[in-house]
Amino acid sequence: MEPFSQVELQLAARNHGMPLEALRYPVTPAGLHYLLTHYDIPAVDPSDFSLEIGGRVARPLALSLDELRTRQAVELAVTMECAGNGRALLSPRPLSQPWISEAVGTASWRGTPLAPLLAEAAPLDDALEVVFGGLDRGFEAGVEQSYERSLTLDEALSDDVLLAYEMNGAPLLPQHGFPLRLVVPGWYGMASVKWLARITVVAEPFAGHQQADAYRLRRDGDDEGTPLTRILPRALMVPPGIPDFPTRERTAVAGPIAIEGRAWSGWAPIATVEISADGGRTWAPAELGDRPTSRWAWRAWRYDWQAQAGEHVLSCRARDEAGKEQPAEAEWNVGGYANNGVQRVPLTVS
């Protein structure tokens, strides 16, 4: 594998993945949840904060944080995954945040549904999309910009899209979007805009950088690509045994070993998880845990393995109820997005 660049190391120092042993938690502790910040973390005084809802609407709104808290409140467990998860495993490796497989987490988000606020603002007949703007600013593609993403009006009106002000029972941490963020269940994390300050209804497709240029599946630099939306199915295991420092090579003792993990998909609930102990030549079904209380949260699974002495490569793969399943290897793309190829964990059993 080619050496990592200073650019990638700078990104890796600012952002972090979830240690895979944290798959044991149904809800990821906030400090272990994956984190990606495009620009700088903005300093926000909540007493001065106001969410503006405008554009192609009949009744523009401006709401303080306290006013948002007086609205209908719901709490929803959502598994969120970065679109670039697995990028560092591709060859050649796209130059960006070098995720391996840990860019994921499940949090319990509390906030108010977006749909009633949009209905109150009354989008006009020509309304097509809803643009969400954050307070974080920086340069990308040589242009100074805020982080902005859009959803179609129908997508924005989905029942489960939240304006979240709490994570795991506490106010949002600064790095997770304090004081307010968007949560779009089932979509890759780029859709869940942090430090949300502006919601603008527009009558034409949004052409901002994060929508029209970034987060698109492209075969090459000339390909216009297709936009990323929902999370492809993935299963991850808690790596068994104990690791070496710093290689993370793992060792276990022969005998019964419980292989455990989580699986999720943004398209449909998880239907099956399979395990291989021979590098993917043969597969066996894992036992699924109870369905999660939230449609959008990951599902536990377990496989009881009788480990024999020797060298093994453990793998896991998921299939959802829509028939989507993990490939052995994901197709390469320019941005290194949506790499849901199966996890492989080499293990020495002594």
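User: How many cavities of 30 Å³ or more turn up in a search of the whole structure, and what makes something a cavity?
Analyst: The search finds one cavity of 30 Å³ or more. Bear in mind that this is a predicted model: local features need pLDDT of at least 70, side-chain atom pairs count only at pLDDT 80 or more, and totals for chains, interfaces and linings use all residues. Residues are numbered from 1 along each chain as its sequence is written, and side-chain values use heavy atoms, leaving out hydrogens and water. On a 1 Å grid over the protein atoms alone, a cavity is a set of points where a 1.4 Å probe fits but cannot get out, whereas a pocket is an open set with protein on both sides within 12 Å along at least five of seven lines.

User: How much space lies in the largest cavity, and what makes a residue part of its lining?
Analyst: About 220 Å³, where volume is the space filled by probe spheres set on the grid points, joined across faces, edges and corners. A lining residue has an atom within 4 Å of a point. There are 20 of them, and Leu36, Arg181, Gly189, Ser192 and Lys194 are the closest to the centre. By class, the lining has eleven nonpolar, six polar and three charged residues; nonpolar covers Ala, Val, Leu, Ile, Met, Phe, Trp, Tyr, Cys and Pro, charged covers Asp, Glu, Lys and Arg, and the others, Gly among them, are polar.

User: And the largest pocket: what is its volume, and which element gives the largest share of its lining?
Analyst: Its volume is about 1200 Å³. Of its 46 lining residues, Leu20, Ile100, Ser101, Glu102 and Arg344 sit closest to the centre. Helix H1 (6–14), strand E13 (234–237) and strand E22 (343–349) each give two or more residues. These labels are DSSP runs numbered from the N terminus, helices being H or I with at least four residues and strands E with at least two. E22 gives the largest share, six residues. The lining splits into 23 nonpolar, twelve polar and eleven charged residues.

User: Which residues lie nearest the centre of the second largest pocket?
Analyst: Arg87, Leu95, Ser96, Glu140 and Tyr337, out of 27 lining residues. The pocket holds about 550 Å³ of space.

User: Why is the Arg69 and Glu166 pair called a salt bridge?
Analyst: A salt bridge needs a side-chain nitrogen of Lys or Arg within 4 Å of a carboxyl oxygen of Asp or Glu. The closest N and O atoms of Arg69 and Glu166 are 3.4 Å apart, so the pair qualifies. Arg69 is in helix H2 (residues 65–69) and Glu166 in strand E7 (residues 162–167), 97 residues apart. The whole structure has 15 salt bridges.

User: What makes Glu75 and Arg110 a salt bridge?
Analyst: Their N to O distance is 3.6 Å, so the pair passes the cut-off. Glu75 lies in strand E3 (residues 74–81) and Arg110 in strand E4 (residues 104–113), so the bridge ties together parts 35 residues apart in sequence. Glu75, at 44%, is partly exposed, and Arg110, at 29%, is partly exposed too.

User: Which residues join Asp304 in a salt bridge network?
Analyst: Start with Arg302, whose closest N and O atoms with Asp304 are 2.9 Å apart. Asp304 has 53% relative accessibility and counts as exposed; Arg302, at 35%, is partly exposed. Shared partners join Glu260, Arg302 and Asp304 into one network.

User: What puts the buried residues of helix H3 on the same side?
Analyst: In H3 (residues 114–121), the buried residues are Leu114, Ala115, Leu117, Leu118 and Ala121. They cover an arc of only 165° around the axis, which puts them on the same side of H3; the arc is that of the directions from the helix axis to the C-beta atoms. Ala122, which follows H3, has a positive phi, near 60°.

How values were computed: Buried < 20%, exposed > 50% of the residue type's maximum accessible area, 1.4 Å probe, protein only.
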